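My notes follow the order in which I checked things.

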Amino acid sequence: MLTAEIKKLLEQQPIKLFNEEKEYAIANSLISAEEINEVLPSQQRWTDLYIERGNKETEEFLGEETNSFLQEKISYLRSNQQEFLYMESKWFENIGIEGIILEENDVFHTYDIIFGLKKQKKYGDHLRKILSEKFPPEAKYSILFNGNDGLWDINLPISYLNGFSEDMTIEEVLSHSYQFLFKMVVDLENNR
């Protein structure tokens with residue numbers, strides 16, 4: 001699936017890729033480094049991002065935000081614990097995720113990313129192995145296969161990812177999370 005999405009990106013002229021997609025394309029012999037015209041800075045990835053704030057209790061829509069909202073610190077979610085952020089981007093769709101939710105977990109006081117991953121049930125053991133290697137034992141995460149939707153419902157405490165800091169902006173957390181998710185999907189697809 002990921003290879004097909006990267007091939008679509010390579011059809012565009014001139015070829016402009018973000019670092020994750022560039023490394024994947026080269027590693028999988030889809031393109032040579034010389035054929036890539038430009039490596040885009042990570043902050044340009046989210047130009048198509050749809051951002052919505054919602055109420056955690058009622059799921060009531062609280063407002064749509066512009067990309068300038070990404071410059072807020074992730075601690076915004078701690079200051080506004082009743083809120084969650086729902087975000088959609090073609091970049092998440094490319095790795096099999098329709099959209100993500102960012103929120104502060106009321107119980108464990110971690111920042112969590114919640115999403116559905118479009119992968120078959122057979123990936124379960126390897127998915128669990130990846131997460132157990134990337135998160136310490138005290139990190140509380142959940143994965144559950146949803147047979148009705150045919151996807152994995154996943155809740156990860158991104159506060160435990162290497163390099164995470166509460167001083168990061170929402171954009172930085174989003175990019176950091178995307179890098180982790182991209183690598184996770186590549187690892188899943190490489191170890192079928």
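Predicted model: local features only at pLDDT ≥ 70, side-chain atom pairs only at ≥ 80, totals over all residues.

Residues are numbered from 1 along each chain as its sequence is written, and side-chain values use heavy atoms, with hydrogens and water left out.

I read helix 2 as residues 19-27; its axis comes within 10 Å of that of helix 6, and the two cross at roughly 20°. That makes helix 2 roughly parallel to helix 6 (angles under 35 degrees count as roughly parallel, over 145 as roughly antiparallel, 65 to 115 as roughly perpendicular and the rest as oblique). Axes are lines fitted to C-alpha atoms, for helices over the stretch in contact, with angles from 0 to 180 degrees between N-to-C directions.

I listed the contacts (heavy atoms within 4.5 Å): Glu20, Glu21 and Tyr24 of helix 2 meet Tyr178, Gln179, Phe182, Val186 and Glu189 of helix 6. By class, four of the residues in this contact of helix 2 with helix 6 are nonpolar, one is polar and three are charged.

Next I took helix 5 (residues 124-134) against helix 6 (residues 170-190): the angle is about 140° and the axes are 10 Å apart. Helix 5 is therefore oblique to helix 6. Helix 5 also passes helix 6 in a right-handed crossing. On the helix 5 side I found His126, Leu127, Ile130, Leu131 and Lys134, which meet Phe180, Met184, Asp187 and Leu188 in helix 6. The contact of helix 5 with helix 6 has six nonpolar, one polar and two charged residues.

Is Asp112 buried or exposed? Asp112 has 1% relative accessibility and so counts as buried (under 20% relative accessible area; exposed is over 50%, partly exposed in between, with a 1.4 Å probe and protein chains only). I placed Asp112 in strand 7 (residues 111-117). Leaving out residues up to four places away in sequence, Asp112 touches Ile101, Leu102, Glu103, Asn105, Asn155, Leu156, Pro157 and Ile158.

Last, I checked the whole chain. I found six helices and nine strands (DSSP runs numbered from the N terminus, helices being H or I of at least four residues and strands E of at least two). Of the 192 residues, 49% count as buried.

Conventions: Left-handed = near helix turned anticlockwise from the far one by under 90°. Nonpolar A, V, L, I, M, F, W, Y, C, P; charged D, E, K, R; others polar.
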